[in-house]
Amino acid sequence: MSERDHLVVRQASKRYGATTVLDRVDLSIRRGELVTLLGPSGCGKTTLLRLIAGLALPDTGSVSIAGRDVTRVPPHKRNVGVVFQNYALFPHLSVAGNVAFGLNVRRRPKAEVRAAVEKALALVHLGHLAERPISALSGGQQQRVALARALAVEPDVLLFDEALSALDRKLREEMQGEMRRMLRDIDATAIFVTHDQDEALTMSDRVAVMNGGRIEQLAEPRLIYERPASLFTLNFVGLSTRIPGTVVSEDNGTVEVDTPVGRLVATGGFIPGSRVIVATRPEHLRPATGDEGNAVNGRVRSIVFQGSRSLVEVGAGGETLLAELPGQEAAHLAPDAEIRLGWPVRETFAFPAPELSTPELAA
Amino acid sequence: MINRLATLFAWAMAIGAALFLLAPLIVIAAASFSPTPVFDLPVDGASLRWYTRIGQMDGFWPALSLSLQLAAFSTLLALVLGTLAAIAIAQGRLPGAEAIGTFLVSPLMMPGLVLGIALLQYFRMVGFNAAWSALLLAHLVVTLPYVARTMIAGLSRFDFTLVEAARTLGCTYPGAILKVMVPALAPSFLTAGLFSFLASFDNYPVSIFLTDVRTKTLPIKMLQYIEEAPDPTLAALSTCILAATVVLLIASDRLVGLHRMAGTGQ
């Protein structure tokens with residue numbers, strides 16, 4: 001463990017009965033880093049968060065925060081701040097009472113509590129509502145109170161369990177930006193749990209994509225999107241075109257693949273005969289000019305206008321290609337029109353097909 | 001037009017029902033001020049003479065004391081037992097939790113007479129004949145469902161992540177229960193206690209089978225009076241009980257709000 005690692009989860013596993021919810025998970029987070037655990041429901045992301053908070057204990061493995069092993073330490077001695085999905089604000093206390101709760105439990109002097117509450121509420125711009133009852137606040141305001149309450153105790157790490165998912169879309173997007181700025185300003189170390197990929201890509205320094213109790217990929221948002229490490233990440237984050245095929249030859253990090261839409265070249269290392277999925281992101285597909293690495297003839301199936309760009313579905317050889325075209329390029333297209341789409345080899349990935357049985361070379 | 005007529009009709013029905021329910025109470029309250037020894041409306045002058053006679057009724061104070069004791073003790077016991085049972089049921093990890101909850105609440109649906117006879121038979125069979133304790137047990141059977149029902153409802157709306165939130169903020173588990181769950185459930189406790197107390201205090205059908213000559217609850221004593229000497233003293237007493245109940249309700253409303261207690265508000 002390097003001295004910059006502020007939160008370290010090592011080989012953590014958790015089972016509930018016969019189901020393995022977490023399977024030997026490793027995670028290291030630096031001080032001041034914002035990390036998102038992204039995945040579908042049941043992937044283990046909330047369980048991992050609860051292990052870190054101390055609300056659940058790992059069967060095996062360890063958790064340490066700020067250089068201290070807290071694996072068996074109960075939540076009230078961990079100094080973590082948690083913002084829950086439904087905020088979990090105390091209905092019998094006022095806004096200020098909620099924010100002061102953690103400090104009062106710690107028996108801090110009154111003056112200190114008052115100052116800390118004022119500071120935390122000012123940070124979330126709710127200073128003027130300090131004496132209101134919780135029930136008088138809107139969802140967005142409650143969210144801020146929950147954040148202020150978690151911040152007030154100056155935790156070593158802040159944990160957000162789907163904290164923005166209860167807000168409506170517009171407010172959620174506003175809060176994403178605002179919270180990121182706020183957490184940056186106070187140099188907080190934070191972990192967000194979410195199933196919302198936009199939230200993950202917008203808010204974090206690194207994203208851990210989780211599936212089946214494991215972290216499939218931990219990387220910067222851009223890399224997660226542009227260089228997905230697995231078919232699962234490719235599917236879960238962003239849109240893509242996916243075409244199954246069989247590798248016919250391998251050469252220096254690229255493979256030639258026989259697919260229903262013709263011969264395609266992709267980056268990756270597989271032995272000939274491997275069943276693979278060839279994939280690319282929609283923004284790389286363009287009406288072909290002739291010098292692209294891959295090109296496919298097809299027929300426009302549908303066009304979804306999205307303002308500055310359009311999503312075009314093209315059918316070819318029984319497969320579907322998804323292209324995201326700028327407005328002017330899609331303007332002259334009509335359903336059923338013939339189109340030739342091309343895209344570069346370096347933006348073409350190959351992943352082992354899910355039912356793959358042949359051995360895979362290092363990719 | 002039809003809509004307005006329907007609304008008007010609904011309002012008329014609501015007001016009619018309220019009047020129908022309130023009328024006997026108004027009549028009894030009015031009759032308690034009657035200057036004559038018959039149940040009469042005080043048209044020519046009111047009198048408080050029947051109120052001064054309440055305390056002089058034969059056996060009134062012991063009966064009142066017994067009823068208050070039974071109501072207080074059975075409510076206290078029911079609150080503790082009912083809340084613990086409700087926690088087990090609401091947490092939902094108990095096998096057959098729902099069935100147990102239904103069973104706990106079932107005496108509510110049972111006619112008091114049946115319950116009274118059954119308890120009398122049962123106590124005789126096991127040779128249990130201490131009237132006070134038998135009455136307390138019987139009243140516990142009567143009050144427990146009220147508490148269990150209210151607490152199960154209250155706890156099913158209670159968000160257990162509040163307890164988790166308190167723990168991450170520095171509370172121990174028992175501390176979190178005390179600091180968060182108990183205050184959040186205060187309205188449920190109050191409602192449960194109130195229902196339970198009133199259910200015990202005015203219970204007649206169950207108590208009647210378990211009283212002996214010296215141990216009589218107030219409702220039983222009152223019925224005895226009405227058979228022996230029907231004068232407006234009883235009306236005065238009823239009015240007092242009514243007033244006490246209203247005061248209790250107003251106090252509860254001030255404390256937590258009736259809409260929260262009835263579970264109709266936020």
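Which residues is A:Leu48 in contact with, leaving aside its neighbours within four places in sequence? The legends below begin with this residue in the predicted model.

Figure 1. Apart from its neighbours within four places in sequence, A:Leu48 is in contact with A:Val9, A:Leu22, A:Val25, A:Leu27, A:Leu37 and A:Met210. A:Leu48 belongs to the largest nonpolar core, a set of 62 residues. Within this core, A:Leu48 and A:Leu159 are the residues that touch the most other members. The greatest contribution comes from chain B, where helix α6 (residues 131-157) gives seven residues. In soluble globular proteins, nonpolar side chains tend to be buried together.

**Figure 2. Domains of chain A.** Chain A is divided into two parts, with domain 1 covering 5-235 and domain 2 covering 239-352. The centres of domain 1 and domain 2 of chain A, taken over C-alpha atoms, lie 38 Å apart. Where these domains meet, eleven residues of domain 1 of chain A are in contact with twelve residues of domain 2 of chain A. The secondary structure of chain A consists of nine helices and 20 strands. Along the principal axes, the C-alpha atoms of chain A fill a box of roughly 75 × 45 × 35 Å. Chain A has 363 residues, of which 50% count as buried. In chain A, 64% of the contacts between residues at least 6 apart in sequence join residues at least 24 apart. The accessible surface of chain A is about 16,200 Å², with 49% supplied by carbon and sulfur atoms.

**Figure 3. Helices and domains of chain B.** The secondary structure of chain B comprises twelve helices and zero strands. The domain division of chain B gives domain 1 (1-27) and domain 2 (59-230 + 257-261). Between the centres of domain 1 of chain B and domain 2 of chain B, taken over C-alpha atoms, the separation is 33 Å. The C-alpha atoms of chain B fill a box of roughly 70 × 70 × 35 Å along the principal axes. Of its 266 residues, 39% count as buried. Contacts in chain B between residues at least 6 apart in sequence join residues at least 24 apart in 70% of cases. Chain B has an accessible surface of about 14,900 Å², and carbon and sulfur atoms account for 72% of this area.

**Figure 4. A nonpolar patch on the surface of chain B.** The patch is formed by B:Tyr122, B:Met125, B:Val126, B:Phe128 and B:Leu137. Together these residues have about 510 Å² of accessible area. B:Tyr122 is part of helix α5 (residues 112-125) of chain B. B:Tyr122 counts as partly exposed because its relative accessibility is 46%, a value that falls between the limits of 20% for buried and 50% for exposed.

**Figure 5. B:Leu178 and B:Val163.** B:Leu178 is located in helix α8 (residues 173-184) of chain B. B:Leu178 has a relative accessibility of 62% and therefore counts as exposed, the cut-off for that class being over 50%. In sequence, B:Leu178 and B:Val163 are 15 residues apart. In space, the C-alpha atoms of B:Leu178 and B:Val163 are 9.5 Å apart.

Terms used: Residues are numbered from 1 along each chain as its sequence is written. Chains are lettered from A and ligands numbered from 1 in the order in which they are written. This is a predicted model: local features need pLDDT of at least 70, side-chain atom pairs count only at pLDDT 80 or more; totals for chains, interfaces and linings use all residues. Side-chain values use heavy atoms; hydrogens and water are left out. A nonpolar core is a set of buried Ala, Val, Leu, Ile, Met, Phe, Trp, Tyr and Cys residues joined through side-chain atoms within 4.5 Å. Buried means under 20% relative accessible area, exposed over 50%, partly exposed in between (1.4 Å probe, protein chains only). Helices (H or I, at least four residues) and strands (E, at least two) are DSSP runs, numbered from the N terminus. Contact means heavy atoms within 4.5 Å. Patches are made of residues with over 30% relative accessible area and no salt bridge: like charges are joined within 9 Å, nonpolar side chains (Val, Leu, Ile, Met, Phe, Trp, Tyr) within 5 Å. Accessible areas come from the Shrake-Rupley method with a 1.4 Å probe; for residues, only the protein chains shown count as cover. A salt bridge is a side-chain nitrogen of Lys or Arg within 4 Å of a carboxyl oxygen of Asp or Glu. Domain bounds come from an automatic or database domain assignment.
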